[in-house]
Amino acid sequence: MLTVFFPPTGFNFAVGMRLQSGDETFTIRATLAANIVDMKAHQKTLDVKGSAGWHCCIKCKNVLNVKRQRIATSDYLQHYSTASLQQRDLNTDEDYWEMADVLEAARPMLGDRSKTKFKELEKRLGVNHNPNGILLDKHLRKYFLPVTHSMEDWAHCIYASGGFGQYEIQQFCIAIRAVRVDMVQKLDSFAAGIRRPNGTKLLPKDFFARRMSTEDDGHIKCFMQETINAVTACRQFCQMVLQPAGRLPKHCECMRLLSEITCLLLSGDRLVQHTDILEQKSEQHRRLSLQVYGEDWATPKLHQFGHVAESIAKVGANLDTRHMEKKHNATKGTATHVMRHTRADGTVLHRLLWSEQSDMAGLSESEFSNCHLVNPQVAPADLAFILEAHLGERISQTAHTSRQMFSSVGKLTVGDLLQFSLAGGRAFGIARLFVSCQALGSTRTATMVVFSPLVQALPRHWQPASQLALASAQHLITLCYREVGEYIEPVLPELEL
Ligand SMILES: [Zn+2]
């Protein structure tokens, strides 16, 4: 991408471009200000080993991800969990270019027999040799500075993809549960009472209880904005419930710092003037969290966040990746429900149905009539039992089934998506079988649909499609989708009546 904007020949943004404005001309030039990255992006752009390697931070020479006892005797080498701001020995851009050059020079000299030695060298430097990588591109060295231009993405350091905020909320929930076994439920009901100014809920129902990891050292499972909201809820819980009772004062203090850091980060470019406060609070939070939750709790992201204040000051902008993340709302909305259920038709389809249903909400209900089976087959004997239970009366032995049924709206086929009017509201379902039978002692023929319930429209809650349900065909109010040739298409009542 950088070679597109700063190529060795032809138009180059750094050289500039002359633009005409009326009779005047001016030159527009652009340089790279920052490359906003999380751990994974660091790893991919700079060919570094990443958080799993010994050198888990690209900015620090002496911060390592190794067993603590291995570096216990060294004053210089530091473990990522405990390295303070003062203890860091920072890499320079030149250091990275030198490491890339050393690897490039070492590679041809060592033959195949020395592969292990070469791998060892890569591991020691924390950089992988990539002949096509950005570090060895001598032309780009003028434009891209590996350390100066790398800006840590605070949103991913704290709130998403296993950020330390997600780990801290998990530990916070474990701590309050140790105070009282139902405290997480109490936190949930407390959080449920918090509304945004527009009246919407801050967090989904039972958020903490459902999203906590079953592993004590895991992290709460949620999206970026949910983590930010969870920090707000936990902070208020500390203020309103824990602190007045004198419970967990250090945990509350730690959550206060995390909440204040959050407020600073969400303040946009105003933060550029106050990076000293951010740095101070980050360091206080880091120290206290290690005291409260133990050193094993820390992940390399906690260390990486320590560089954020400095990066914001250097770049002169508080870059925020939340806006890019928001574009994934539709996918995430679906994923939220996939997390809850395991069946695809009970999950992904739910979301699609809800959006369809909102369009159909204004349509008047109309019951369909004249339902009868196409090519009926004699039903198995045990089905009669179920039908009798549903009808509340005995039926004759002549129950029939079919994969297709005619109704006043046309032919329905197994697999069509149907909507029923049932006691207590509407139900959506996928047709599984059509059944008809005659009640004993009367001439009434009942036609019914066996369906997999998908969405119970009223009351508004999700219902997993784990069981089959039975509805009388005259309760069919809307045919949502039906097969037409190779396609399925939505069918609305007003088109049919
Ligand atoms: Zn570092």
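Leu248 sits in the loop that runs between helix 9 (224-242) and helix 10, and in this predicted model the residue has a positive phi of about 45 degrees although it is not a glycine. Most residues other than glycine have a negative phi. Leu248 counts as buried, because 20 C-beta neighbours lie inside 10 Å and the cut-off for that class is 20 or more.

A second residue of this kind is Ser161, which is not a glycine either but has a positive phi of about 50 degrees. Ser161 belongs to the loop between helix 5 (154-159) and helix 6 (164-179), and with 16 other C-beta atoms within 10 Å it is partly exposed.

**The chain as a whole**

The chain has 497 residues, of which 33% count as buried, and its secondary structure comprises 18 helices and 18 strands. Among the contacts with a separation of 6 or more, 64% are made by residues 24 or more positions apart. The average pLDDT of the chain is 82, and 82% of the residues score at least 70. Two stretches call for caution: over residues 337-342 pLDDT stays under 50, and the model has 9 contacts beyond four places in sequence for them, while over residues 493-497 pLDDT also stays under 50, with 7 such contacts in the model. Where pLDDT is low, the predicted coordinates should not be read in detail.

**Helix packing**

| Helix pair | Angle | Axis separation |
|---|---|---|
| Helix 10 (residues 249-265) and helix 11 (residues 275-293) | roughly 150 degrees | within 9 Å |
| Helix 6 and helix 10 | about 155 degrees | 11 Å |
| Helix 11 and helix 13 (residues 308-315) | about 170 degrees | 8 Å |

How do helix 10 and helix 11 run relative to each other? Their axes cross at roughly 150 degrees, and the two helices are therefore roughly antiparallel, given that angles over 145 fall in that class. Helix 10 passes helix 11 in a left-handed crossing. On the helix 10 side the contact involves Lys250, His251, Glu253, Cys254, Leu257, Leu258, Glu260, Ile261 and Leu264, and on the helix 11 side Ile277, Leu278, Lys281, Ser282, Gln284, His285, Leu288, Ser289, Gln291 and Val292. By class, the residues of this contact between helix 10 and helix 11 are 9 nonpolar, 6 polar and 4 charged.

Helix 10 also packs with helix 6, at an angle of about 155 degrees, which makes helix 6 roughly antiparallel to helix 10. The crossing of helix 6 past helix 10 is left-handed. Here Gly165, Glu168, Phe172 and Ala175 of helix 6 meet His251, Met255 and Leu258 of helix 10, and the contact of helix 6 with helix 10 has 4 nonpolar, 2 polar and 1 charged residues.

The residues of the contact of helix 11 with helix 13 divide into 4 nonpolar, 2 polar and 1 charged.

Val179 and Arg247 are 68 residues apart in sequence, and their C-alpha atoms are 8.1 Å apart in space.

Phe26 is placed in strand 2 (residues 24-28). Is Phe26 buried or exposed? It is exposed, with 10 other C-beta atoms within 10 Å, since 12 or fewer is the cut-off for that class. Leaving aside neighbours within four places in sequence, Phe26 is in contact with Leu19 and Ser21. Phe26 and Gly16, which are 10 residues apart in sequence, lie 9.8 Å apart in space from C-alpha to C-alpha.

Technical notes
Residues are numbered from 1 along each chain as its sequence is written. This is a predicted model: local features need pLDDT of at least 70, side-chain atom pairs count only at pLDDT 80 or more; totals for chains, interfaces and linings use all residues. pLDDT is the predictor's confidence in each residue, from 0 to 100. Axes are lines fitted to C-alpha atoms, for helices over the stretch in contact, and angles run from 0 to 180 degrees between N-to-C directions. Helices (H or I, at least four residues) and strands (E, at least two) are DSSP runs, numbered from the N terminus. Angles under 35 degrees count as roughly parallel, over 145 as roughly antiparallel, 65 to 115 as roughly perpendicular and the rest as oblique. A crossing is left-handed if the near helix is turned anticlockwise from the far one by less than a right angle, and right-handed if clockwise. Ala, Val, Leu, Ile, Met, Phe, Trp, Tyr, Cys and Pro count as nonpolar, Asp, Glu, Lys and Arg as charged, and the others, Gly among them, as polar.
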